[in-house]
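Please look at the sequence and the structure shown below before reading on.

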Amino acid sequence: MRKIVMYELLSLDGVAEDPGKFVTGWDDRMDANLAAVIATQDAVILGRRSYDEWAEDWSTSTHEPFATFINGVTKYVATSTPLDRDWANTTVLDGGLVEFVRDLKQQRGGDIGVHASISVAQALLAADVVDELRLVIAPNIAGSGRRLLDGLPSIQLESIRGERSPSGSMLADYRVIR
């Protein structure tokens with residue numbers, strides 16, 4: 001069975017919205033961490049807001065390792081309205097998000113990534129379909145903004161890796177315990 005792997009950039013106080021405001025340093029270790037996460041993924045689930053922002057920014061980006069990955073990977077978008085712009089390998093998912101993801105997990109393939117897309121991440125965490133969380137926790141307090149873990153039920157996690165990057169971010173990986 002495929003795994004759902006959530007990759008999120010967070011402030012120390014759990015804000016995930018607009019990480020450019022609190023991720024003030026990026027380094028080679030963070031690039032290597034991201035490369036390791038995406039190396040196992042052959043599909044990504046995005047929410048509509050992330051899709052709209054990313055289709056504009058990433059479709060012409062040369063920032064590696066992510067640009068080549070996100071432009072080539074199969075992207076499933078959770079939205080109830082038609083997409084405004086085309087982006088290679090994009091499909092609007094059929095049916096409800098949780099049911100679609102449960103079915104997708106049963107198909108052959110690599111890991112399925114959830115990047116950014118706070119509402120999608122929260123819905124999948126609440127429905128107990130996420131297998132791993134890969135977090136980059138910046139050494140900054142955002143103070144305001146949408147927090148990734150607000151409103152979720154209790155979820156038990158097992159730490160599978162923790163490391164400090166040279167710029168001070170914590171790279172923390174967790175497995176969801178079922």
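## Surroundings of His115

Apart from neighbours within four places in sequence, His115 is in contact (heavy atoms within 4.5 Å) with Tyr7, Glu8, Val37, Ile38, Gln41, Val44, Ile45, Leu46, Trp54, Phe66 and Phe69. This is a predicted model, in which local features need pLDDT of at least 70 and side-chain atom pairs count only at pLDDT 80 or more, while totals for chains, interfaces and linings use all residues. Residues are numbered from 1 along each chain as its sequence is written, and side-chain values use heavy atoms, with hydrogens and water left out.

His115 is found in strand 5 (residues 111-115), and His115 is buried, with a relative accessible area of 1%, where buried means under 20%, exposed over 50%, and partly exposed in between (1.4 Å probe, protein chains only). Strands are DSSP runs (E, at least two residues), numbered from the N terminus.

## Salt bridges

A salt bridge is a side-chain nitrogen of Lys or Arg within 4 Å of a carboxyl oxygen of Asp or Glu, and by this rule the count comes to 15. One of them joins the side chains of Asp42 and Arg2 at 2.5 Å, N to O; Asp42 is in strand 2 (residues 41-47), whereas Arg2 is in the segment before strand 1 (4-10), 40 residues apart. Asp42 is partly exposed at 34% relative accessible area, while Arg2, at 7%, counts as buried.

Another salt bridge joins the side chains of Lys21 and Asp18 at 3.4 Å, N to O, with Lys21 exposed at 66% and Asp18 partly exposed at 40%.

Key: Helix = DSSP H or I, 4+ residues; strand = E, 2+ residues; numbered from the N terminus.
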